[in-house]
Amino acid sequence: MWPFGDSDPDSKPKKSCEKQRQLLQDCLLTSKCVNLDGYTPKQCLKMKDHSRVPDICFNYQYDLFLCKRSMIDMRARFRGRRGVDYDEIHHGPKKEER
């Protein structure tokens, strides 16, 4: 399901906010709301009081919203877009410090 899996460490998301979108999709597709109740992921997100959707899915939805909003925010020209680790892009993955 994960388009940029662990097998290729150099692979990058193809679209903006792809990582947040994929996390939300994975969370919803594994929730009881979709699997047992038969609702669509969109319907599950609209039912905020639905007990079969984990709270973490709503957190992922908010993260996706913030990422999309940062794409049109003019202040992001100076601060950088949310959800993008520029140090990792330019210098590679972080090494564990001991």
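Trainee: What's the pairing if I number the bonded cysteines of the chain in sequence order?
Mentor: The pairing is 1-6, 2-5, 3-4. Keep in mind that this is a predicted model, where local features need pLDDT of at least 70, side-chain atom pairs count only at pLDDT 80 or more, and totals for chains, interfaces and linings use all residues. Residues are numbered from 1 along each chain as its sequence is written, and side-chain values use heavy atoms, with hydrogens and water left out.

Trainee: How many disulfides does the structure hold?
Mentor: Three, counting a disulfide as a pair of cysteine sulfur atoms within 2.5 Å.

Trainee: Which cysteine does Cys17 form a disulfide with?
Mentor: Cys67, with the sulfur atoms 2.0 Å apart. Helices here are DSSP runs of H or I, at least four residues, numbered from the N terminus.

Trainee: Is Cys17 buried or exposed?
Mentor: Buried, at 6% relative accessible area; buried means under 20%, exposed over 50% and partly exposed in between, using a 1.4 Å probe and protein chains only. Cys67 is buried too, at 2%.

Trainee: New topic: what does Cys27 join to?
Mentor: Cys57, S to S 1.9 Å. Cys27 sits in helix α1 and Cys57 in helix α4, 30 residues apart.

Trainee: And which handedness does the link of Cys33 and Cys44 have?
Mentor: Left-handed, with -95° about the S-S bond. Cys33 is in helix α2 (residues 32–35) and Cys44 in helix α3 (residues 41–46).

Key: Helix = DSSP H or I, 4+ residues; strand = E, 2+ residues; numbered from the N terminus.
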